[in-house]
Structure formats: C-alpha cells, structure tokens
Amino acid sequence: MTTTEWCNWAGTERVTPRRVETPASSEEVSAAVKRATSEGLPVKAIGSGHSFTGVAVAPGLQLRLDHLTGIVDVDGVSGLVTVEAGTPLHSLNPALAAHGLGMEVLGDIDRQTVAGAVSTGTHGSGGAFGSISTQVRGLELVLADGSVVTCSATERPDLYAAACVSIGALGVITKVTLQCVPLYALRAVDAAAPLEQTLDSIDELVAENDHFEFFWFPHTDTALTRRFQRLPATTPLNPMSKWSRVVDDRIVTNIAFEALNRVGTRIPALVPGINRLVTKAVSDREFTDVAHRVFASERNVKFREGEYFIPRDALVPALKDLKSWLDTSGEKVSFPFEVRFVRRDDIWLSPAYERDCAVVSFHQYHRMPHERWFRACEDVLGAVGGRPHWGKMHRLDAVVLRERYPRFDDFLSVRRDVDPHGAFANPYLDRVLGPVTGARR
C-alpha cells in the first residue's frame, strides 16, 4: 500500500511508515511479520490511534488491523467471547448485547480497538472493578518469528501475565478472549457538588456507588460528579432523549466548549471565567440505559492528556497540592481533571499492579501550551509513586519505571525470549522499556 503520513487522534505523534499492510487473518499477519523481519523492518500494529503517546508509531511496517474485526466465538453459558483484535469497542458492545452479554466495565471513550485498549491498560471507574485487561482470559499473538501462539493463565502463563498489558512490545495481538457478563443497565446521576465536600467524602462516594468519578475544572471550586448503579437488563429504561443528547453531549460539551476554548486561547485571562461558565452550563441529569450507552461519551474537542495511577490515600493531598500550584502559578488551564478509581490486579505492567488506585487525568486544550502544567502534575503525582497510563503523555523512562513496577524485569525477560532482536520496538518503547540488546537498526 502507498504510504502517507499517519498521525494519532490528538495530533501528538506523526510518522510516515516505510510500508503499510492490512492483513485479514492471523496467517496474513504472520506472513507480513516474516517479510518485514527478513528485510530488517520494525513492525507495529495500530488500532484507532487514540493513544497520546508514541506507543503505536510505526516507522517501518505499519499493520492496520481494520479487517481483523468481529466476534469469532461466543459461549453463552460461561460468558467467554473471542473477538478479532481490530474490533472497535463501539461496534463490539452492540454485538455483545445481541447475545445478551456486556463487558464488565468500560472507559468513557469507546473509539479504541480491543487490542489497543488491552495493550495500554484502558480502564473505567469503580472501586470494585479492574481495567479492561482484567477481563482478558486468553490471547492469540503473532511473535517476531512469525509463529502464531496462544496464552492464558494455564497456557504460557508468563507470556499471558506480560501480554495482558504489553504496549505492543511482545508481538501482534490477533485475537482476544474476554470474560463477559450478562447484559446490564446503569442508572446514571450526574450532579455538581462543592469540590471540598466531594474530597471530604470521597471514600464514601466510591464505596456507595458501583461506579463513581468526577471532573474538576481548574480555577473553580465545583466537582461535576458521575454516579452509576448497576441494574438488571430487564429494568425499565429511561434513556436520555435524543434532544437532550444533542444539547448536552454535542452542543454544550463539544461545539460550545470548542468555541470557548478558542476564545481562551486568544485571551488566556478569560480562562477562569470560562471554566466557571462551563461548570454551570453542564446540567444535572438522571437517566437509565443499557450500560455501554452510559459509560461512553462523545469527545470531539482535541486536547492533550496525561494520567497517573496513584495510591487511593494519596488522592486528596495530591489534588490539594495541584490546586495550590494553580492558585499561585498564574498558569491558565482550560480542561478539567478527571478522577476515577480502579481495583488492583496482578498484571505485570498494569499501572494498578498490586494496589487499589485513584487515577488522575490532567488535560489541556490542544492549542494552548501544556508543558509547564503537565510537568507540575507529573511532579506532584510522581512524588507519591504514581504510574503513568501507557497511552497518555508522560516523560518517564525505563530507569524510573523499573522502580515503580516490581515485575518490570520479568516483563523484559519475556520480551527477550519472544522478540530478541526488537522487531516490535519503536522510539517510545526504547524510552520506557529500554532498547533491545542486539536489535537490528
């Protein structure tokens, strides 16, 4: 395929691959990998390009998995569902619902592919729920030698523990087996609350709701809270009306928000007032709908994003430190914090490895400078041992990350076994994992 410049959704990463291929089966992926490695070309599979980092940058062979989509197998009794790795979440969820099934938890964006969401540790929010990777029960991968292998908790368990969050370093994921649950509904309550009150009662809010998160716009004292309760699929639904979705989710949070951010870019002194206006404009609401239509929201305004997983008890002091920094620095930040909660897991490179986490996302409108603000956030959140989301912007390297991940070297050992010459390496992986010794460059 003729190559053109590729860039991710946020416009933070760009590359012109040497070659692009669109395989339609695991066997075609295998053949493509063998050809590339014989030519000394590094290989990278891409999904929807929704990561903000260079995790999917492919200067050599770029594999687009657009033809590896759909459900392969459904076991209605166990809830195990095998899907092609290039399946976007927004198309997978309705397909699962047709079988009376759903994913245990989802994030607030559903544009990612299954493989992309798994590879970067994408997550939702809920003290009792892990990331999407914790729903994985098996994987099929194409390794650097072209072999097609499968792994699970009982079959190649070390590869499985590493591959459930692998940032594309071990091979090309071609199929994913997910543990799904019976289809369910969510009752959503969105309401503004004083920030101080929200922080004071954060443990109760997380414990009392199946899913809880909040947004906080810098330069304001208001939290925009979201509380979800899980209900049987047979519950009478009371979804948002089409008009409400147009007004709230398209006009207010996308079209109007974009316009206000452009004003704030031209006149930064207006940003605090704009943030207060936006906070007041987002209306309280309550509705009940099938889960996947509640979890995900439409996000069209471009932004930059970083995100750190920190210990739960470090959340409130960290946010207060960041609020103090904003109050005294003069920095104008037009996008909100998003605060979510994730249960611990045992996946080697999961940011929630062996600890329950509060997850703090920090943002900035893409036309405004973000460097100073992001540096302050990373300093505060890193000081409490925070681990960055692999798909969000951060400045850490392998030296620092090794200290924060107890199984870091175990992951590298598996990587050396399955990709000894760095066939799947790229500049981002060289930074966060270290270069592969003996890599062909």
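Trainee: What is the strand order in the antiparallel open sheet of 8 strands?
Mentor: In this predicted model, that sheet runs 16-13-15-14-18-19-17-20.

Trainee: What makes strand 16 and strand 20 edge strands?
Mentor: Strand 16 (285–290) and strand 20 (387–388) each pair on one side only.

Trainee: How do you know that strand 14 and strand 15 pair?
Mentor: Pairing takes at least two bridges found by DSSP. Strand 14 (residues 211–216) and strand 15 (residues 222–232) are joined by 6 bridges and run antiparallel, so they meet that requirement. Phe212 stands opposite Arg227 in strand 15.

Trainee: Which strands does helix 10 touch as it packs on the sheet?
Mentor: Helix 10 touches strand 14, strand 17 (303–311), strand 18 (337–342) and strand 19 (357–365). The direction of helix 10 makes about 170 degrees with that of strand 18. Helix 11 packs on the sheet too, touching strand 17, strand 18 and strand 19, and its direction makes about 170 degrees with that of strand 19.

Trainee: Why are helix 10 and helix 11 called roughly antiparallel to each other?
Mentor: Start with the angle: helix 10 (residues 315–329) and helix 11 (residues 371–382) pack at about 150 degrees, with their axes 10 Å apart. Angles over 145 degrees count as roughly antiparallel, and therefore this pair gets that label. As for handedness, helix 10 passes helix 11 in a right-handed crossing.

Trainee: Which residues make the contact?
Mentor: From helix 10 it's Ala318, Asp321, Leu322, Trp325, Leu326 and Ser329. Helix 11 brings Arg372, Trp373, Ala376, Cys377, Val380 and Leu381.

Trainee: How do the residues of that contact divide into nonpolar, polar and charged?
Mentor: The contact of helix 10 with helix 11 has 9 nonpolar, 1 polar and 2 charged residues. Trp and Cys count as nonpolar, and Asp and Arg as charged.

Trainee: How many bridges join strand 4 to strand 5?
Mentor: There are 4 bridges between strand 4 and strand 5 (residues 61–64), which run parallel. In strand 5, Leu61 is the bridge partner of Val43.

Trainee: Why does Ser30 count as buried?
Mentor: Buried means under 20% relative accessible area. Ser30, which sits in helix 1, has 8% relative accessibility and therefore counts as buried. Leaving out residues up to four places away in sequence, Ser30 touches Val142, Gly146 and Val148.

Trainee: And what makes Glu208 exposed?
Mentor: The cut-off there is over 50%. Glu208, in helix 6 (residues 202–208), has a relative accessible area of 57%, so it's exposed.

Trainee: What makes strand 9 mostly covered?
Mentor: In strand 9 (residues 136–142), 6 of its 7 residues are buried.

Trainee: Which strands pair with strand 9 in the antiparallel sense?
Mentor: One is strand 11 (residues 172–179), over 6 bridges, with Glu140 opposite Lys175. Another is strand 10 (residues 148–151), over 4 bridges, where Val149 is the bridge partner of Leu141. In the hairpin of strand 9 and strand 10, with 5 residues between the strands, Gly146 takes a positive phi near 90 degrees.

Trainee: How do you know that strand 6 and strand 7 pair?
Mentor: Strand 6 (residues 71–74) and strand 7 (residues 80–84) have 3 bridges in the antiparallel sense, and at least two are needed, so they count as a pair. The bridge partner of Ile71 in strand 7 is Val83. Their hairpin has 5 residues between the strands, and there Gly79 takes a positive phi near 80 degrees.

Technical notes: Residues numbered from 1 in each chain as written. Predicted model: local features only at pLDDT ≥ 70, side-chain atom pairs only at ≥ 80, totals over all residues. Heavy atoms only, no water. Axes fitted to C-alpha atoms, helices over the stretch in contact; angles between N-to-C directions. Helix = DSSP H or I, 4+ residues; strand = E, 2+ residues; numbered from the N terminus. Parallel < 35°, antiparallel > 145°, perpendicular 65-115°, else oblique. Left-handed = near helix turned anticlockwise from the far one by under 90°. Contact = heavy atoms within 4.5 Å. Buried < 20%, exposed > 50% of the residue type's maximum accessible area, 1.4 Å probe, protein only.
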